[in-house]
Amino acid sequence: VMMSVLQNAFANSSSSLIQSKVTGSLVFVLLPPISYLEFFLAYVIAAAIRGVAVGIGVLLVTVWFAPPGFQQPLWILVFALLGGGIMGALGVVAGIWADKFDQLAAFQNFLIMPLTMLSGVFYSIHSLPAFWQGVSHFNPFFFMIDGLRYGFFGVDDVSPWTSIGVVADCFVVLAVITLQMLARGYKLRA
């Protein structure tokens with residue numbers, strides 16, 4: 001579920017921006033008198049909503065095969081929304097940075113996918129050697145996955161409070177970076 005949320009939130013904001021840049025229709029997004037904060041919120045909220053909607057769809061399809069426990073539903077919602085927000089903001093950064101679809105694909109293939117796959121989504125980090133357990137704690141995706149796992153099953157590798165702190169901090173840092181890029185018009189205004 002979380003992989004679907006993360007991948008689709010990133011895809012929503014990044015592909016929307018890069019498509020607008022490639023087709024030249026970005027000017028129509030930049031012309032209206034909206035602030036860069038409103039621009040940011042529109043893309044990130046839309047990305048988070050798409051991510052959560054796809055996550056719900058995946059959950060509805062898989063519930064027939066492996067009924068999940070909903071131990072902490074509020075944690076599920078919080079981690080899904082924050083994870084979608086992080087990936088939406090990261091998608092805006094990638095969409096602004098990339099000039100072509102190939103660059104966007106490189107961003108996703110060499111940053112997003114490795115971080116996702118090395119986040120403990122398919123395994124508990126306790127099965128890793130001590131060194132790699134330590135490395136996993138520098139991956140924000142690990143905390144998103146672990147927090148959602150806690151919400152569904154009540155099982156975690158680290159405290160959910162630690163996870164929510166790391167995920168919230170990560171969102172704030174990405175939001176600040178994205179807002180600065182938008183305020184400066186980086187690669188958006190000629």
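**Ground rules**

I number residues from 1 along each chain as its sequence is written, and side-chain values use heavy atoms, with hydrogens and water left out. Because the model is predicted, local features need pLDDT of at least 70 and side-chain atom pairs count only at pLDDT 80 or more, while totals for chains, interfaces and linings use all residues.

**Helix 4**

I looked up helix 4, residues 73-97. Helices here are DSSP runs (H or I, at least four residues), numbered from the N terminus. Helix 4 has 25 residues and reaches 36 Å from its first C-alpha to its last. That is close to the 36 Å expected at 1.5 Å a residue; the expected span is 1.5 Å times one less than the number of residues. I then checked its cover: 18 of the 25 residues are buried. Buried means under 20% relative accessible area, exposed over 50%, partly exposed in between (1.4 Å probe, protein chains only).

**Salt bridges**

I searched the whole structure and found 4 salt bridges. The criterion is a side-chain nitrogen of Lys or Arg within 4 Å of a carboxyl oxygen of Asp or Glu.

I noted Asp-99 with Lys-187, at 3.2 Å, N to O. Asp-99 lies in the loop between helix 4 and helix 5 (101-117) and Lys-187 in the segment after helix 8 (160-184), so the pair ties together parts that are 88 residues apart in sequence. Asp-99 is partly exposed at 41%. Lys-187 is also partly exposed, at 34%.

Next I took Arg-149. Its bridge to Asp-146 has the closest N and O atoms 3.6 Å apart. Asp-146 is buried, at 1% relative accessibility. Arg-149 also meets Asp-157 in a salt bridge, at 3.9 Å. Asp-157 is buried too, at 15%. Elsewhere, shared partners join Lys-21, Asp-99 and Lys-187 into one network.

**Largest pocket**

A pocket is an open set of points on a 1 Å grid over the protein atoms alone where a 1.4 Å probe fits, with protein on both sides within 12 Å along at least five of seven lines; lining residues have an atom within 4 Å of a point. Of its 13 lining residues, the closest to the centre are Val-1, Met-2, Leu-148, Phe-152 and Phe-153. Helix 1 (2-23), helix 3 (36-62) and helix 7 each give two or more residues. Helix 7 gives the largest share, 5 residues.
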